[in-house]
Amino acid sequence: MEELQKLNKRISNDKSFRSWMLRRLEGYIEYRVRERGIEVRYIGQKCTNQRCSRWGTTLKQNQKNQYFECQDCGYEVDSNYNAAKNIGMEVIFSGQMSRSRDG
Ligand SMILES: [Zn+2]
């Protein structure tokens, strides 16, 4: 989790890294979806839009149209980016969990 927090800080502070990361996330998600047949929709679009990708707080008030503003920690980011990050994290974590089960 510490690594994730460092990554989050880096993403928040670096715009070019942010767009690079978003592209990588999108590519990674697509790859995972094809590989495992995961339905991205299935993860829950509504939740990912309202959940803070920094600390995971889900609040209805968090999303303001195309802009995400966390009412809990004050994290401000493009809402598409926030949702992509949430979906990406879920795919990555679910992938890690099933991998460790496989041994
Ligand atoms: Zn937050």
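Reader: Where is cysteine 70 found?
Author: Cysteine 70 is in the loop between strand 2 and strand 3. Keep in mind that this is a predicted model.

Reader: Is cysteine 70 buried or exposed, and why?
Author: Cysteine 70 is buried, because 22 other C-beta atoms lie within 10 Å, and the cut-off for buried is 20 or more.

Reader: Which residues is cysteine 70 in contact with, leaving aside its neighbours within four places in sequence?
Author: Cys52, Arg54, Thr57, Asn62 and Tyr75 are the contacts of cysteine 70 once those neighbours are set aside. As for distances, the C-alpha atoms of cysteine 70 and tryptophan 55 are separated by 9.5 Å, and the two are 15 residues apart along the chain.

Reader: Asn62 is on that list. Where does asparagine 62 lie?
Author: Asparagine 62 belongs to the loop between helix 3 and strand 1. With 20 other C-beta atoms within 10 Å, asparagine 62 is buried.

Reader: And what is asparagine 62 in contact with, leaving aside neighbours within four places in sequence?
Author: Its contacts are Gln50, Cys52, Phe68, Glu69, Cys70 and Gln71. For a C-alpha distance, take aspartate 72: 8.4 Å from asparagine 62, at 10 residues along the chain.

Reader: What about tyrosine 75, where is that found?
Author: Tyrosine 75 is in the loop between strand 2 and strand 3. Tyrosine 75 counts as partly exposed, because there are 18 C-beta neighbours inside 10 Å.

Reader: Which residues does tyrosine 75 touch, not counting those up to four places away in sequence?
Author: Tyrosine 75 touches Cys52, Arg54 and Cys70.

Reader: Changing topic. How many helices and strands are there?
Author: There are 4 helices and 3 strands. Along the sequence the pattern is α-α-α-β-β-β-α.

Reader: In what order do the strands form the sheet?
Author: The order is 1-2-3, in an open sheet with antiparallel pairing. Strand 1 (63-64) and strand 3 (76-78) are at the edges, each with a single partner strand, so one side of each has no neighbour in the sheet.

Reader: How many bridges join strand 1 to strand 2?
Author: Strand 1 and strand 2 are joined by 2 bridges and run antiparallel. Lysine 64, for instance, has tyrosine 67 in strand 2 as its bridge partner.

Reader: Which helix holds asparagine 80?
Author: Asparagine 80 sits in helix 4 (residues 79-102). Asparagine 80 is partly exposed, because it has 13 C-beta neighbours inside 10 Å. Threonine 48 is 32 residues from asparagine 80 in sequence and 9.4 Å from it in space, C-alpha to C-alpha.

Reader: What share of the chain is buried?
Author: Buried residues are 17% of the 103 residues. Turning to contacts with a separation of 6 or more, 36% are between residues 24 or more positions apart.

Reader: Last topic. Where is confidence lowest, and where is it highest?
Author: Confidence is lowest in helix 3 (residues 40-50), with a mean of 60, and highest in strand 2 (residues 67-69), at 90. Over residues 40-44 the pLDDT is below 50, and that stretch has 6 contacts in the model beyond near neighbours in sequence. Where pLDDT is low, the predicted coordinates should not be read in detail.

Reader: And what is the mean pLDDT of the chain?
Author: The mean is 73, and 60% of the residues reach 70 or more.

Notes
Residues numbered from 1 in each chain as written. Predicted model: local features only at pLDDT ≥ 70, side-chain atom pairs only at ≥ 80, totals over all residues. pLDDT = per-residue confidence, 0-100. Contact = placed C-beta atoms within 7 Å. Buried ≥ 20, exposed ≤ 12 C-beta atoms within 10 Å, placed from the backbone. Pairing = 2+ DSSP bridges.
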